[in-house]
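I opened the model today and went through it piece by piece. These are my entries, in the order I looked things up.

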Amino acid sequence: MSTYLPTDNPPDEPSRLVDDFVPTLIDVGAHHLCPGCGEPIAMRCVMEAIDERELTARSVAVFGIGCYTAFSNNLDIEVLQALHGRAPSLATGVKRSKPSTIVVTIQGDGDMVSEGLQEVLHAAARGENITCIMLNNGVFGETGGHMTATTVLGQRTKTSLEGRDAALHGRPILLSSLLAQIDGTAFVARGAVNSAGNVARTKKLLLRALTAQEQNAGFSFVEILTMCPTGWFIETEEAPDYLNDNLAAVHEPGVLKDVLGQ
Amino acid sequence: MTLRMAPQAKDPQLLQGSEAIADAMIAAGCRFFSGYPMTPFTEVLEVMARKLPEVGGVCMNAESELEAIGMAWGAAATGTPSATGSTGQGLSLMQESLSEITLARLPLVVLNMGRAQGDYYQATRGGGHGDYRHLVLSPADAAEAIDLIGLAFDLTERWRNPVVVLGDYYLAHTARSVTIPAMKTRETPEWALDGSSGGTRHAKLISPLGTAKQRDDVGYDIAVHYADCVAATNEMIANVEPLAEVESTDDAEIIVLAFGTPGAYVRAAVRQLRSDGLAVGFIRPITLFPFPSDLVARATQGVKSVAVYENNQGQMLDDVRLAVLGNAPVHFIGGLSLDSSGFGIAPDLEVSVLVDRIREVAAR
Ligand SMILES: Cc1ncc(C[n+]2csc(CCOP(=O)(O)OP(=O)(O)O)c2C)c(N)n1
Ligand code: SF4
Ligand SMILES: [Mg+2]
C-alpha cells in the first residue's frame, strides 16, 4: 500500500532533503549511492551501534572496495582504507598492535567472499578479536552488476545473463554458515535492511557483535543483506521484496552462533 | 611490562646473517613483524617469532604473503614500526599492497631475502601498479646489513615510504662476528590511528585514495592525491643520499661494478688484479634506488671500459648504462646460476673465475 502526503493539509515542519538528514557519526548526509541502495542504511546501523556502545573514541573501521567505499572518507570515526578483499589482515595488524582499539571491517560480498575469502576464514580461525561486517547484495554493485560468490541460483547478472546456473557457474557460498562452523568465531549472524523491523534487528546483531569484541570473546561477524536495485536490474521500489524473495530465501537471516553469556 | 634488552653495542657475537638482521630490526625499534616461510627469508621469521615477544612486540606467522603484507600495513597504520618480507616470489604476491601502502604514505621496512640476484628489477622498479618508488638498500655482508636495517627504519619513518632491504642467500646463511647496536625507541607519529580522534569531527583517515574528507566539501580526488604523492617521492629522491663503496677508481682504466654479497667477491678479484698491476677500480652501489648515478658517471669518465657482475642475466646493467651514458663500453660479466639447488648459488662466485673475466674485458 503506498503512502502519500495529503496536499490539502501540508505538515507543519518544513520539507527535508536527504542532505538535511545527517545520521550519527556520518559527516555528510547526502551520499552518492543509488536511490534505494541498502548500503547507506547498513552503514547507519553500524555507526549507531558504535555510538550507542560509546566506542567512538576507540574504533577503527577498515574498509574494503565496493560501493560502500563512498563512506570511507565520510565518517567521524578513524578509517583505514584497505585493498579489495584484504581488510581482515589489515584489521588484524591494527588490533594486534593496538589491542585497546575496537576494529570493524566494512566489506561487500564481492570483496569478502569472492576476492578475499581466505582472509576472513583465517581471521575467524585465529579467533581474531575483530568484527567483520559484510554488506551482501549478491553482486559486484560497483562494477555494474556482475556475479559474485554469493549470487543466488537463477539471479541474472551481467555475467550470468540467463540467471546463475549451478552447472555453469557453481553454487553460492553461504559465508555465515561457513563461519559458524569455525571454532574461533564467537558470534555469527545475518541481518537485512529491507524493512524497518529488519533494520532494528540488524542493529541489535551489530551491538551483540561489538559486545563480543569488547569481551575479547573471539571473532564476530555480521552479514547484512542490502538492496541493490541497480545491480539487480529492477525498479527501486521492487528491491526490498526482491531481497526477501531471492537473497534472503537462500542466505537466511538469523543468529547462527552466539557463545556469549546472556 | 619488563623488557629484556637486546645485547648492547659492546658485545660482538657470531651470528648468521638472518639472525643479525632480525636482531638489528628489533634494535632499530621494530615492534611488528609478519611473514610466511620461504628460504632464505624463513630464518628471519623464526628469529623474530622467538625474540619480538620478548620486547613486547608482535610477530605473526601469516597464512600467505598477502596476509603478511596486510597485517604489516594495519600495524604500520597504528604508528608501530613494522616490517615484513619474503623471497622474490613472495614479494611478487605482495606487490598490489606494496603499491597502495606507498600511496597511503605509510612507513614499512620490507626484506627481500632473494635467492640469487634476479630480483633487482622487482626491487628497484617495483612490480606493482602506479607511480611510486621504494628506497632500496643492498648490504654486502651481515655487518653492513645491521647498519642498513637501522638506516631503513630511519628513512621509512622520515619519508613515510616503504624501504626495501635486498638481501641474498649468502647473506642470510653466512655467520659473521657482528655487533648489534643499542635499542632505539621511536615516537608514535601524530598521524597514527588508535581510534582516539573519533567523534572529534576530525577523525583520522589513512587511505591510498587520499585523506580529503567529504565534509571539507571535496572528498577523494585521486588526481590531486597522486600528484601530491609524486611530489613527496621527488622530494625523497632529491634528499636521500645515494651510497656506494668505491675503491681505486681514480686512475682506473677499467671499472667493475657489483652489488650485494657478490660485491665482496668482485672486490677481492679487483684487489688481486691491482696487486698484479692492472689499472682496475671497483664500485659497489649500496643504495640501488636512488642509484649512485652521478658517482658512477664521474668515476667512469674517460675509462677504457666498464664491467658489471651480477648473479642474474643483467639487470643493474641498465642502471649502469644509464649512468655511463655511452662514455665507455659496458660489458656484462655475470650470469645466472646453474646450481641445481634452485637457490641461485653461483658457481662463478670464485675469485679466480672473476679475475679471468675481468682480464678478458681488459684484453678487448
Ligand atoms: C584487485 C581488484 N580487482 C577488482 C577490482 C574492481 N572492483 C572494484 S569494486 C568491485 C566489486 C565490489 O563488490 P562488493 O564488494 O560486493 O561491493 P558492492 O559494490 O556490491 O557494494 C570490484 C570487482 C578492484 N578494485 N581491485
Ligand atoms: S550499484 Fe547497487 S550497491 Fe552500488 S550504489 Fe547502486 S544500489 Fe547501491
Ligand atoms: Mg556486493
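Entry 1: I began with a strand pair in chain A. E4(A) and E8(A) run parallel and are joined by six bridges. I picked one position to look at: A:Cys132 sits opposite A:Phe221 in E8(A). This is a predicted model, and I read every value below as computed. Its scores are ipTM 0.94 and pTM 0.95.

I then checked the other neighbour of E4(A). Strand E3 (residues 102-108) of chain A pairs with strand E4 (residues 131-136) of chain A in the parallel sense, over five bridges. In this pair A:Gln107 stands opposite A:Met134. A:Ile106 has A:Ile133 as its bridge partner in E4(A).

**Entry 2: burial of E4(A).** Is E4(A) enclosed or open? Six of its six residues are buried, so E4(A) is largely enclosed by the rest of the structure. I sorted the side chains by direction. A:Thr131, A:Ile133 and A:Leu135 point one way, while A:Cys132, A:Met134 and A:Asn136 point the other way. Residues on both sides are buried.

I went back to H2(A) for burial. Helix H2 (residues 87-97) of chain A has 11 of its 11 residues buried. Among them are A:Lys95 and A:Arg96.

**Entry 3: where the chains meet.** E2(A) and E9(B) run parallel and are joined by two bridges. A:Val79 stands opposite B:Leu205 in E9(B).

I then took the whole contact. 40 residues of chain B are in contact with 33 residues of chain A. On the chain B side, strand E3 (58-61), helix H3 (65-77), helix H4 (88-103) and E9 each supply at least two residues. H3(B) gives the most, with nine residues. By class, this side has 17 nonpolar, 14 polar and nine charged residues.

**Entry 4: the two ligands.** Ligand 1 has 19 residues around it. A:Gly66, A:Gly108, A:Gly110, A:Asp111 and A:Gly141 come nearest. Helix H3 (109-115) and strand E5 (139-140) of chain A each supply at least two residues of this shell. The largest share, three residues, comes from H3(A). I count six nonpolar, nine polar and four charged residues in the shell.

Ligand 2 is surrounded by residues of chain A, including A:Cys34, A:Cys37, A:Cys67 and A:Cys228. A:Gly141 is also in this shell. Helix H8 (residues 229-232) of chain A gives the largest share, three residues. The classes here are six nonpolar, four polar and two charged.

Entry 5: Most residues other than glycine have a negative phi, and most peptide bonds are trans. I looked for exceptions.

- The bond from B:Thr39 to B:Pro40 is cis, with omega near 0 degrees. B:Pro40 lies in the loop between strand E2 (32-35) and helix H2 (42-51) of chain B.
- The bond from B:Phe289 to B:Pro290 is cis too, with omega near -5 degrees.
- A:Asn216 has a positive phi, near 55 degrees. A:Asn216 is in the loop between H7 and E8 of chain A. With 10 C-beta neighbours inside 10 Å, A:Asn216 counts as exposed.
- A:Phe233 has a positive phi, near 60 degrees. With 13 C-beta neighbours inside 10 Å, A:Phe233 counts as partly exposed.

**Entry 6: confidence.** Chain B averages a pLDDT of 94, and 95% of the residues score at least 70. Residues 1-5 of chain B stay under 50.

Definitions and conventions. Residues are numbered from 1 along each chain as its sequence is written. Chains are lettered from A and ligands numbered from 1 in the order in which they are written. This is a predicted model: local features need pLDDT of at least 70, side-chain atom pairs count only at pLDDT 80 or more; totals for chains, interfaces and linings use all residues. A residue is near a molecule or strand if its C-beta atom, placed from the backbone, lies within 6 Å of it. Helices (H or I, at least four residues) and strands (E, at least two) are DSSP runs, numbered from the N terminus. Ala, Val, Leu, Ile, Met, Phe, Trp, Tyr, Cys and Pro count as nonpolar, Asp, Glu, Lys and Arg as charged, and the others, Gly among them, as polar. A residue is buried if 20 or more other C-beta atoms lie within 10 Å of its own, exposed if 12 or fewer, and partly exposed in between; C-beta atoms are placed from the backbone. pLDDT is the predictor's confidence in each residue, from 0 to 100. Two residues are in contact if their C-beta atoms, placed from the backbone, lie within 7 Å. Two strands pair if DSSP finds at least two bridges between them.
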